[in-house]
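Here are a few notes to read alongside the structure. Have it open as you go through the points.

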Amino acid sequence: MSLEIRNMRKNENALLKDFLYEAIFIPEGVEPPERDIVEKPELRVYTDDFGSRAGDNCLVADLGGKVVGAVWTRIMDDYGHVDDATPSFAISLYKEYRNQGIGSQLMVKMLELLKWQGYERASLAVQKENYAVKMYQNVGFKTVDENEEEYIMVCEL
């Protein structure tokens with residue numbers, strides 16, 4: 001089956017809440033939160049009215065007609081916020097499609113798109129225990145700040 005990285009279609013916007021839930025890092029041995037956690041105000045900034053603002057971009061990984069992952073950016077006051085000109089990243093894949101290089105492909109394509117759109121940098125926040133830290137470093141993100149739980153990372157475009 002061939003993997004296609006493409007723009008999210010308008011009728012697929014509902015997938016963002018699914019992928020936002022999948023993006024929540026759950027450490028080993030911790031119970032996953034209820035699915036309605038994505039309705040909390042601090043998480044709704046990632047999905048509310050998506051596609052209506054500058055910096056709103058979403059690419060999906062389409063495997064034989066099934067969307068298995070998504071990466072999206074938005075200029076928002078989220079955990080990875082560094083300034084009002086820098087889009088923040090969110091990315092996730094369904095569990096069974098992780099660790100196959102799909103996330104890296106999504107990240108690289110989105111970084112290329114943001115550069116083409118004229119952005120100077122992109123940011124994200126990631127929990128220190130998350131295995132994805134290594135992937136972010138591999139595609140060019142560097143830690144610029146941290147707190148007890150998270151790294152704030154920036155990629156210069």
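1. First, a term: a residue is buried under 20% relative accessible area, exposed over 50% and partly exposed in between (1.4 Å probe, protein chains only). By that rule, Phe141 is buried, as its relative accessible area is 2%. Phe89 counts as buried too, at 6% relative accessibility.

2. A word on the source: this is a predicted model, where local features need pLDDT of at least 70 and side-chain atom pairs count only at pLDDT 80 or more, while totals for chains, interfaces and linings use all residues. Residues are numbered from 1 along each chain as its sequence is written, and side-chain values use heavy atoms, leaving out hydrogens and water.

3. Now look at the rings. Rings of Phe, Tyr and Trp (its six-membered ring) pair if their centres lie within 6.5 Å; planes under 30 degrees apart are stacked, over 60 edge-to-face, and the rest tilted. There are three aromatic pairs in the structure. In one of them, Phe19 and Tyr94 are tilted, 4.6 Å centre to centre with 35° between the planes. This pair links distant parts of the chain, with Phe19 and Tyr94 75 residues apart. Both Phe19 and Tyr94 are buried.

4. What about Phe89 and Phe141? Their ring centres are 5.5 Å apart and their planes stand at 90°, so the pair is edge-to-face. Here too distant parts of the chain are linked, as Phe89 and Phe141 are 52 residues apart. Phe89, Tyr136 and Phe141 form one aromatic cluster.

Key:
Helices (H or I, at least four residues) and strands (E, at least two) are DSSP runs, numbered from the N terminus.
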